[in-house]
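Hi everyone, thanks for coming.

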Amino acid sequence: MTETIQSLAQHQLVILRRLRRGPLTEFELANEVAEHSGYSGEEAADKMVDWLETLRAEGLVWAGALSNADDQTLAAAALTTAGRELVN
């Protein structure tokens, strides 16, 4: 598990800080990463699910897929207690 905020990559820090306000979708998070890091919107969108999975494995976010009746899915994430403690 990530112990300190200094050990986070820029995109991870952006994701965690944006989630302080509440759960967001992969699209909202990709836009935030693109605005506040060196990644383009397309790069951030392509990598977001993997980034969320990494943060989930570290115990910092809850991440999962939301789906509708047409079987379309998107990822969404929220901070865990450990994630909130790290970024607050």
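Before we start on the strands, a word on pairing: two strands pair if DSSP finds at least two bridges between them. Strands themselves are DSSP runs of E with at least two residues, helices are runs of H or I with at least four, and both are numbered from the N terminus. This is a predicted model, so local features need pLDDT of at least 70 and side-chain atom pairs count only at pLDDT 80 or more, while totals for chains, interfaces and linings use all residues. Residues are numbered from 1 along each chain as its sequence is written, and side-chain values use heavy atoms, with hydrogens and water left out.

Now, strand E1, residues 24-25, runs antiparallel to E3, with two bridges joining them. Thr25 has Ala76 of E3 as its bridge partner. Strand E2, residues 61-67, is also antiparallel to E3, through seven bridges, and here Ser67 partners Thr73. Five residues lie between the strands in the E2 and E3 hairpin, where Asp71 takes a positive phi near 65 degrees.

How enclosed is E3? Five of the seven residues in 73-79 are buried, so E3 is largely enclosed by the rest of the structure. Buried means under 20% relative accessible area, with a 1.4 Å probe and protein chains only.

On to the helices. H1, residues 10-19, packs on H3, residues 41-57, at about 80 degrees, with axes 11 Å apart. That makes H1 roughly perpendicular to H3, a label covering 65 to 115 degrees. Axes are lines fitted to C-alpha atoms over the stretch in contact, and angles run from 0 to 180 degrees between N-to-C directions. Residues in the contact (heavy atoms within 4.5 Å) include Ile15 of H1 and Trp51 of H3.

Note on methods:
Buried means under 20% relative accessible area, exposed over 50%, partly exposed in between (1.4 Å probe, protein chains only). Angles under 35 degrees count as roughly parallel, over 145 as roughly antiparallel, 65 to 115 as roughly perpendicular and the rest as oblique.
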